[in-house]
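Visitor: I've got this model open and I'd like to learn how to read its strands and helices. Could you walk me through it?

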Amino acid sequence: MLKILKYSFFDLIRSRWSYVYLLFYLLLGFVLLFLNEDLSKAVITLMNVIIILVPLIGTIFGVMYYYDSKEFTELLLAQPVKRSSIFIGQYLGVSLSLVMSLVLGLGLPFVFYGLFESAAIWDFSLLLVTGSMLTFIFTALAFNIALYNENKIKGFSYAILMWLFLAVIYDGLFLMSLIVFETYPLDKFTLIATVFNPIDLSRILILLKLDIAALLGYTGAIFQKFFGTNVGLFLALGSLMIWILLPVLNIYRKAKKKDF
Amino acid sequence: MIFRLPTLFFLISFFYYGFNSANAQITVCDSCEFTSVKAGIKAAKPGDTVLIKAGLYKENSIIIDKPITLLGENLPTIDGEDKGDIIQVFADDVTIDGLKLINVGSSYTEDYAAIRVSRAKNFVIQNLELRKIFFGIYLEKAREGIVRNNNILGDAVSEHNSGNGIQLWYSKKIEITNNSIQKVRDGIYLEFADDCRITKNLSKDNLRYGLHFMFSNDDVYNDNVFENNGAGVAVMFSKRIHMKRNKFQYNWGTAAYGLLLKEINDAEIANNIFEENTTGINVEGSNRVNYTGNTFKNNGWAIKVKGACYNNEFINNNFLYNSFDVSYNARLNDNKFHQNFWSEYTGYDLDEDGFGDVPYRPVKLFSYIVNRTPETIILMRSLFVDIIDFSEKVSPVFTPDNLLDEAPLMKKYSW
């Protein structure tokens, strides 16, 4: 598995797209900090980017890589290598290279602008951690979709649809249900509804860490009580971990049985 | 020349008293003739100065019932030993200067204060240091006095058993200036206090309000700083208030406001700075208020307009990087927004007259939704919310369609 991981990883690292991705983040980080030297403000702006862009890129890269390396995968399958290690190795290769681009791309400008002396370092590391987790989650989901769909076009559209659903449509439905049921006590519902969407979960996790929390009023107070403590933080990160584990286990399960 | 005896006697006594009142000074210290402040005051005649030398005096309920000056040298300390009021003033023309008053007793039935001025006028209270107090300076039915350069530091922990820094009750024409008030319940509290001037004070870290107005008309407060108070500043049920060049900052919490206006009519709010408050100004039932030249920076809500606000004008204000600029809970609008600067304005100025050619709509759809269902705030900064805000901006359906700034400034307004 490690060999395949290494292969996928270096294959991707040498590819143009990783560089483009890395350069994009580098540019974003530098431009943000150039325009606004306040690190904590830059963290807020970055949050908006990370919440939307990281899942999208994870999804597209995941699907793309799976379909692109399909022939190579079939070649590998003919060798005496465990199936699960082929797919998990590929998955880890893709997601790790994406995570590396993210961490390096955003980390370098911030370190350059004096992150280590700044109070924003914890917020920033939380941002990177959630960003990395989102990458893992969405790459895994993309691999799942690709494994289930032989047809490239279909796979792509499903993947994009999945991203669209979690990034936009879910919030729309969430908002609608909150307004429709406004006469009922909704705090438990909101809490549960956010846990079921990794994008929402990471958004709120970061929002609460930045001091916009007081804006959130009564609902915010409940969330603050839940996520604001260390227990809540680990619980939230734990549920993000579950979001990674479940799709990965499914890759494992599906890859074992799949007919090529 | 022949004087009749009574006249002569009168003249002599007049000179004697006149001479005496200009110069007489009674000194209080450990080794002096008078070793207690009370004894010193008892011996003083109207117009005298009671000079208190540095030292610790354990006294409370010191009553001043004649026009004298109580002057401290090198900040002597009067310790009230938690027994009630420390100094009570019942006479006109009293000056209290340069003392340190500590340990005012707290009570659930009486408002004990370090200094209580009752039914007096023309007093001056200055250069005091107040520590461990219940109420600090308590003025009841007092008139035409000055409270200045005092330093008040309380140790309030909870609202029900703490008092206010400077409290005015049925007092007129009082000048409160250059005081620093920290860690009490309300920094400055005014109830039925008219024609007062409150200037250049610092009110910080107080449990409830930095400044609290009730039923007080024609007051002016300028150049004050209100910082990190539990609920900011509250101005309620008052008319013709002028607020200029104040700073309202860091009042952050779920129920904190920079400035809370309730039932305020005909006020002028100009050139103030509201920075990093959960809500910059919360307005409720206030009419004919002019907001000009204020800066709202990094607040959660810059202005939250609740019901029944008519004929208010917002002109030449700067709205910078607030999460929500203006929030309305109704679809009716009778207030005017004109020539303000909005950091979120994306329009253009083709004719280069300094005003944007496209009107700006300060109320976002999302802020309208949040007003209706507070729980939805949890979706703040999500992509979906940005999308609906954008569509509402393009074609307003839910927000009041006449609520717009026809001529938004292209550059920050500066004064």
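Visitor: Let's start with strand S34 of chain B. In which sense do S34(B) and S37(B) pair, and over how many bridges?

Guide: Keep in mind that this is a predicted model. Strand S34 (residues 301-305) and S37(B) pair in the parallel sense, with 4 bridges between them.

Visitor: Now strand S13 of chain B. Which strands does S13(B) pair with?

Guide: One is S10 (residues 113-118), parallel to S13(B) over 5 bridges. Another is S16 (residues 166-169), also parallel, joined by 4 bridges. Follow B:Leu139 across: it is the bridge partner of B:Val117, and it stands opposite B:Leu168 in S16(B).

Visitor: Is S13(B) mostly covered or uncovered?

Guide: Mostly covered: 5 of the 6 residues in S13 (135-140) are buried.

Visitor: And helices, how do I read those?

Guide: An α-helix has 3.6 residues a turn, so residues three or four places apart point the same way. Take H6 of chain A (residues 121-148): its 28 residues reach 41 Å from first C-alpha to last, close to the 40 Å expected at 1.5 Å a residue.

Visitor: How many residues of H6(A) are buried?

Guide: 21 of its 28, so to speak a mostly covered helix.

Methods
Residues are numbered from 1 along each chain as its sequence is written. Chains are lettered from A and ligands numbered from 1 in the order in which they are written. This is a predicted model: local features need pLDDT of at least 70, side-chain atom pairs count only at pLDDT 80 or more; totals for chains, interfaces and linings use all residues. Two strands pair if DSSP finds at least two bridges between them. Helices (H or I, at least four residues) and strands (E, at least two) are DSSP runs, numbered from the N terminus. The expected span of a helix is 1.5 Å times one less than its number of residues. A residue is buried if 20 or more other C-beta atoms lie within 10 Å of its own, exposed if 12 or fewer, and partly exposed in between; C-beta atoms are placed from the backbone.
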